[in-house]
Amino acid sequence: MLDFSDMSVIDVHCHPYPRKNKLSADEWVDEVSFGGGSAEYLQAGGIEVDAAAMAMLQRVKRDTLYFRYMLRRLAEYFQVEATVDAVVDARNRAIAEQGYAAYAHGLHQAGGITALIVDDGHPLPQVDLKNFRAQVGVDVVPIFRIEVLIQQLLDADCGWAEFQRDYDDGIASALSEGGYKGLKSIIAYRTGLDIDPRSRSADQGMVALEQIRRARGRGGDAVKQLRDHLFCRAIERCIDYGAPFQVHTGMGDWEVHLEACRPALLMELLRYPAYRACKILLVHTGYPYHAEAGYLANVLPNIWCDLSEGLPFAGNAAARIIAEVLEMVPISRVCYGSDTYGSPEPFYSSALLGKQALAQALRILIDDGFMSRAQAYDAAKLILADNARQLYGI
Ligand SMILES: [Zn+2]
């Protein structure tokens, strides 16, 4: 038996959330479930949302193994029955009795979580990080999502000279006085990961923005040209500041560009000589295309991968995914992450699942002669916290 339950955890990819002291059972399910399946989604498709439709949405969310695992761990934590009503009732009562910060801190402590590296580009409007820090009681390290800035600049209707100056200044101030420890891009959600590294030419940005302005927002290819240029520009700023760049790869919520999110599409870009100094973290290790991300992290020296999304949202696949990630990704390049949001509870159950799945995966590696027991404990320490600590200098 390997037991990592006492080890500390740094969650390298997750999201801040507004404080909600009291939630109904349905509201809580909506907050902590994997992204998608809302009444608005159905309404936008012209589907009438009646009581039966709402019940169907709830049923689908509660029927995932991810959800059931979380519910059972929380029932143990609160010592109540493993039903949504009992768990949500216990949660609301604990917050009312202890106060939100003490409650959240207690859950994080029970999971061993010492720091959250958060992408505050979701949800929007952005959560105030000072409040968030005070309400969770653990170290909060923010990451700056470039698409939030890009959208603001597109909305500002300015010309290229102003656009490129404000873009560079926005990133520079985030990484210096803004306290952000790195950048993040969700270009996989927008125009895809097939980014030509030569998009770094400022002329590409200038021409693309000009076309977008002329077409009054219907820029077509120009939108991709502009986003690709700004992505390359962000890589260069990361190199200047020695800051890691998180790049979304693989699945995400229902809006993701699923065909254009494969890590293999990044190969040309990542091995481009001018970008080799940039530390890139392939978010989600590209799950379900984690073999592709694993290959990149193996043959290119400045690539990290995190376990988020597959863990915890693919539920019972956690140990298998970790084993598959370790097929190619060096142990010193794998970081724990959850991509959780909404409320403190999934952060806790995800940490438990991560430790349990890691123990299962490493146990097999010991049995098969790949490592000693002592090396398995060292590997767990690196994956759960130390790799992230080193990458982000925290
Ligand atoms: Zn995320």
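The centres of domain 1 and domain 2, taken over C-alpha atoms, are separated by 27 Å. The model is a predicted one, in which local features need pLDDT of at least 70 and side-chain atom pairs count only at pLDDT 80 or more, while totals for chains, interfaces and linings use all residues. Residues are numbered from 1 along each chain as its sequence is written. Domain 1 comprises 9-21 + 112-392 and domain 2 comprises 25-98, with bounds from an automatic or database domain assignment.

Where the two domains meet, domain 1 gives 14 residues and domain 2 gives 15 residues; two residues are in contact if their C-beta atoms, placed from the backbone, lie within 7 Å. On the side of domain 1 that touches domain 2, the elements giving two or more residues are α15 (310-313) and α17. Helices are DSSP runs (H or I, at least four residues), numbered from the N terminus. The largest share of this side, five residues, comes from α17. By class, this side of domain 1 has six nonpolar, six polar and two charged residues; Ala, Val, Leu, Ile, Met, Phe, Trp, Tyr, Cys and Pro count as nonpolar, Asp, Glu, Lys and Arg as charged, and the others, Gly among them, as polar.

Helix α17 covers residues 344-367, 24 residues in total, and reaches 35 Å from its first C-alpha to its last, close to the 34 Å expected at 1.5 Å a residue. The expected span is 1.5 Å times one less than the number of residues. After α17 comes Gly-369, whose phi is positive, near 85°.

Another pair of helices is α1 and α5. Ala-25, Trp-28 and Val-29 in α1 meet Val-84, Asp-85 and Val-88 in α5.
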